[in-house]
Amino acid sequence: MRRWNGWGDTTTVHLPPPEAEEFLKKKIGAGKRPLDITYEQALKMVPISRFSPHPLISSKPGDRLYHARGQSLPDWIALRSGRIGVFPDGVAYPATDEEVRLLIKYANKTGTKIIPYGGGTSVVGHINPLSGEMPVLTVDMSRMNRMLHFDVAGNLATFGAGIAGPDLEAQLRARDCTLGHFPQSFELSTLGGWIAARSCGQQSLGYGRIERLFAGGHLEAPAGSIDIPAFPASAAGPDLREIIMGSEGRFGILTQATMRVSFLPEKEELHALFFPEFNEGCRAASEMLQAKLPLCMLRLSCSNETQTMLPLSGSKKLVDILECYLTLRRLDENKCLLLVGISGYDKIVRAARHEALDIADNHRAVYIGKTFGKQWHKNRFRTPYLRNGLWEMGYAVDTLETATDWDNLPDLLEQMESSLSEGLNDIGEKVHVFTHLSQMYAGGSSIYTSYIYRIADNPEETLRRWQVLKQAVSKIIVTKGGTISHQHGVGYDHLPYLKMEKGELGMKVIADMCRRFDPRGIMNPGKLINR
Ligand SMILES: Cc1cc2nc3c(=O)[nH]c(=O)nc-3n(C[C@H](O)[C@H](O)[C@H](O)COP(=O)(O)OP(=O)(O)OC[C@H]3O[C@@H](n4cnc5c(N)ncnc54)[C@H](O)[C@@H]3O)c2cc1C
């Protein structure tokens, strides 16, 4: 069963090791376990629904509580403290396009607001209902979760848009194929959510971001339906896929998506290397990209992340041995970890490995083989579970991300980190900040920063601390050459910063498109644009 106020399945527990608590105590002080409300207490807070009985709509308090919030830090604070605010009035679980059409028709007629809901893993407030006069209906797509068509020759697979990562991959693997899309939220996020929020996965360097994988689909909108055929290529005017991607539930509900899939690679390897310092790692990664090697992943941790993650990465004894070895090889606390994923035919992987390690060697890297990479791969979807344990130790965790060009990267990264680490100085609180480059491109890279601070004695103060940090760093991102989001989308939390990026006319174009698809403004109001 899914946790109602945290990450993942209740049967999976992945706690930070005792060393992590010691580490954080030294960095930012001892945490204090907050007083969380219980599920029963939260249920009692669900108000009476404004819906009259409807065969497709559940008004059960449990359904409404589960769909009230996503996975952002403000969502966690709200759920854990009981300051949940607005709940949807009802939740529908359509199983067919016809049922989606009926729900949209009903909402359009009655002025009901609709929130399309995939896995609810949004970290920017995408699926949170806002207060208003009209009832809110959350449309949970989880029953539209089947493979509908598989075209072997074209390497295309069509799915119901509510299919979650593990089910989608399982169905493809049964045919020796993969989509190759692995966001860290893979366990719970869905195909429709990936498309609507322009998701990026851990192996998108090889397989491509969702933009490259989304070949066509079917959208049900208040103004009508749209079918986008999966042509191999087309010059027939603007590409409607580009319009639907990133529409964040404002244009309608994507019910089906046709995806470009790949055959499973003959070989996939993940190598770990340590560089004496960050810039050297960046230069090596950039050369590997320029050499156009068949890499499926490049992930470079800054020294602060390397220091944070190493103690969490395996048994203490093995980590101590590794640290001793790296010290002998003259690496100090400035060392940075680079993970290099290579996939494809055996022969090609071997040649690429040779080239990649040669490039790394020219940048004074210490290669430690594949064991570390295997361990990382094994735990990659378990890492989000650490948030549950850290919260219970009294620490709030959040992540944010952007992308910029290579020239701007060092400056932007430094300013983002210092705005966070110094952001609570005025109240004498420390913030532990660490960063990695999760996706690299020929022209630049994403910057993915995590930060941890102590939970305050009351939830209002914990939230205020988040607001101070988020505002400071978001302003830096948009004024210093970064995009407000590389992969998490806009939702509610990034909305104030979008205009800086799109400009006045750009925002008007987006608003016009919303009106065209949804003349009465019933679809996911208040997200992406301000109405
Ligand atoms: C621990 C954690 C790790 C994460 N890691 C990554 C990562 O590595 N990469 C990444 O890109 N993101 C990541 N995210 C963010 C999040 O998982 C993505 O934004 C994901 O794409 C959301 O998918 P979802 O199915 O959960 O969508 P939801 O959160 O349910 O919805 C997101 C948006 O899409 C809309 N939507 C959903 N389904 C449909 C549909 N069928 N039709 C129309 N609109 C729809 C919703 O209305 C909403 O606006 C992470 C989140 C968490 C909590």
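Helices (H or I, at least four residues) and strands (E, at least two) are DSSP runs, numbered from the N terminus. Two strands are taken to pair if DSSP finds at least two bridges between them. The structure is a predicted model, in which local features need pLDDT of at least 70 and side-chain atom pairs count only at pLDDT 80 or more, whereas totals for chains, interfaces and linings use all residues. Residues are numbered from 1 along each chain as its sequence is written, and side-chain values use heavy atoms, with hydrogens and water left out.

An open sheet is formed by five strands in the order β5-β6-β10-β8-β9, with antiparallel pairing. Because β5 (147–151) and β9 (224–228) stand at the edges, each with a single partner strand, one side of each is left without a neighbour in the sheet. From one strand to the next, the twist averages 10°. The antiparallel strands β5 and β6 (residues 156–160) are joined by four bridges; H149 has T158 in β6 as its bridge partner.

Helix α5 (residues 97–110) lies across β8 (214–221), β9 and β10 (253–260), and runs at about 45° to β8.

Most residues other than glycine have a negative phi. R364, although not a glycine, has a positive phi of about 60°; R364 is placed in the loop between α14 (346–362) and β15 (366–367).

Terms used
Axes fitted to C-alpha atoms, helices over the stretch in contact; angles between N-to-C directions. Contact = heavy atoms within 4.5 Å.
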